[in-house]
Amino acid sequence: MKILSYFLLIGLAMIGFGLLIKPQFANEIIWGIFTPWIIASIEVFILHKVFNKEVLQTTKVLIFGFIIKMIVFGGFLLIIFNFYSFNTLAFVFSFLASFLLFHTIEAIYLKLLFDGKKI
């Protein structure tokens, strides 16, 4: 599955780029990128497996994935904002950038998957 290797490379590039710009905020940048990266990778992996078995189940996976992502992200943000002192701006920027990027890649992957193209 090439898409997971793309996710890995993009995640590492984002962390490297963030650390290059603001190395003093390493923890904030890494945690901001890591969580959306892992969640999106898991969802793409599950989607790939489900799509190969039964195409009609992908909608169910996407709905449950959305619900689980909102619970996980909400809990993660609640915990990190209340129990960890850090630079909020660096964390929010890295979280938002990685969230948007990984979910855009996921949408492109789904489009290619349903069009029958290999990736």
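Ala, Val, Leu, Ile, Met, Phe, Trp, Tyr, Cys and Pro are counted here as nonpolar, Asp, Glu, Lys and Arg as charged, and the others, Gly among them, as polar. The model is predicted, with local features needing pLDDT of at least 70 and side-chain atom pairs counted only at pLDDT 80 or more, while totals for chains, interfaces and linings use all residues. Residues are numbered from 1 along each chain as its sequence is written, and side-chain values use heavy atoms, with hydrogens and water left out.

The protein contains 4 helices and 0 strands, in the order α-α-α-α along the sequence. Helices (H or I, at least four residues) and strands (E, at least two) are DSSP runs, numbered from the N terminus. The C-alpha trace spans about 45 × 30 × 15 Å along its principal axes. Of the 119 residues, 35% are buried, where buried means under 20% relative accessible area with a 1.4 Å probe and protein chains only.

How do the helices pack? Axes are lines fitted to C-alpha atoms, for helices over the stretch in contact, and angles run from 0 to 180 degrees between N-to-C directions. Helix 2 and helix 4 meet at an angle of about 15 degrees, their axes 7 Å apart. This makes helix 2 roughly parallel to helix 4, a term for angles under 35 degrees. Their contact brings together 18 nonpolar, 5 polar and 3 charged residues. Between helix 2 and helix 3 the angle is about 165 degrees, with the axes 11 Å apart. Helix 2 and helix 3 are therefore roughly antiparallel to each other, the word used for angles over 145 degrees.

Helix 3 covers residues 58-83 and includes Val-61. Val-61 is buried, its relative accessible area being 16%. The C-alpha atom of Val-61 is separated by 6.8 Å from that of Leu-47, 14 residues away along the chain.

Now for the largest pocket, which has a volume of about 250 Å³. On a 1 Å grid over the protein atoms alone, a pocket is an open set of points where a 1.4 Å probe fits, with protein on both sides within 12 Å along at least five of seven lines; lining residues have an atom within 4 Å of a point. Grid points are joined across faces, edges and corners, and the volume is the space filled by probe spheres set on them. The lining includes Phe-17, Lys-22, Ile-33 and Phe-93. Helix 1 (2-21), helix 2 (26-53) and helix 4 (88-115) each supply at least two lining residues, and helix 1 gives the most, with 5. By class, the lining has 9 nonpolar, 2 polar and 1 charged residues.

Note on methods:
Parallel < 35°, antiparallel > 145°, perpendicular 65-115°, else oblique. Buried < 20%, exposed > 50% of the residue type's maximum accessible area, 1.4 Å probe, protein only.
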